[in-house]
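Reader: I am new to this. Please take one part of this model and walk me through it closely.

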Amino acid sequence: MTNIFNVQDLSYQVGETKILKNINLDIEKGAYLTVVGPSGSGKSTFMRILASMISPTSGQVLFNGQPLNTFEPTEYRQKVSYAFQQPTLFGKTVRENLVFPFEVRKQELDESKMIANLEMVNLNETYLDKSVNDVSGGEKQRIALIRNLIFPPEVLITDEVTAGLDAENKNIVHRMLNEFNQRGLTILRVTHDETEIDDATDKIMIRNGELQND
Ligand SMILES: Nc1ncnc2c1ncn2[C@@H]1O[C@H](COP(=O)(O)OP(=O)(O)OP(=O)(O)O)[C@@H](O)[C@H]1O
Ligand SMILES: [Mg+2]
């Protein structure tokens, strides 16, 4: 099995506070790994390190065998995409958010692709011209999620992205992510959702900054 991530003796400390402690973990390519643990245990911090948004204070992470700090940030974000716990939409309209992935890749805009992605998450083309201030919290989460997926990365990290969704929309997101995973996308999912935790086959627990081995 090929590992997409090797986490080696990783720690993260702010001042005297140890937030993550000596984490060692290999994550297989194509995994759908669910990350659980109490609030404040370090899950998002760990994900931010894997997404290369912050750097560990000791230890290292290899992505496809290469240390994270050898990647160019813009390029790395296209390979490892982090769907935030509290998503923000930028600009004025939903369209600007979905145009962004094309612009950053210098690709010609494809509106039908944007609409197809909206439809994947139970939205439609009327959303393109909506103001970012007028979409609901759950709609914002789904729009932010497809912003990460219009050009599928190698790894998608989802940080409690279904927390604000009703059962129907949760199911829609679950089905969509399962499909992407079956087509090879590696997914790391942070969640407190009991159904998601029960359904997970591949799970790790972080408690008090430590990876639990049970
Ligand atoms: N830059 C920082 N400076 C100080 N403390 C921090 C910093 N970043 C994170 N922390 C602390 O580290 C701990 C872990 O935070 P983190 O966001 O990783 O938790 P979490 O497991 O994602 O929690 P939740 O389930 O509530 O989202 C928290 O106590 C948080 O306050
Ligand atoms: Mg968190």
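Author: Start with ligand 1. Its shell consists of Val14, Ile19, Gly37, Ser39, Gly40, Ser41, Gly42, Lys43, Ser44, Thr45 and Gln85. A residue is near a molecule if its C-beta atom, placed from the backbone, lies within 6 Å of it. By class, two of these residues are nonpolar, eight are polar and one is charged. Here Ala, Val, Leu, Ile, Met, Phe, Trp, Tyr, Cys and Pro count as nonpolar, Asp, Glu, Lys and Arg as charged, and the others, Gly among them, as polar. Helix α1 (residues 43-50) gives the largest share of the shell, three residues. Helices (H or I, at least four residues) and strands (E, at least two) are DSSP runs, numbered from the N terminus.

This is a predicted model: local features need pLDDT of at least 70, side-chain atom pairs count only at pLDDT 80 or more, and totals for chains, interfaces and linings use all residues. Residues are numbered from 1 along each chain as its sequence is written, while chains are lettered from A and ligands numbered from 1 in the order in which they are written.

Now the setting. The chain has seven helices and ten strands. Its C-alpha trace spans about 50 × 35 × 35 Å along the principal axes. Of its 214 residues, 31% count as buried. Buried means that 20 or more other C-beta atoms lie within 10 Å of the residue's own, with C-beta atoms placed from the backbone.

Terms used
A residue is buried if 20 or more other C-beta atoms lie within 10 Å of its own, exposed if 12 or fewer, and partly exposed in between; C-beta atoms are placed from the backbone.
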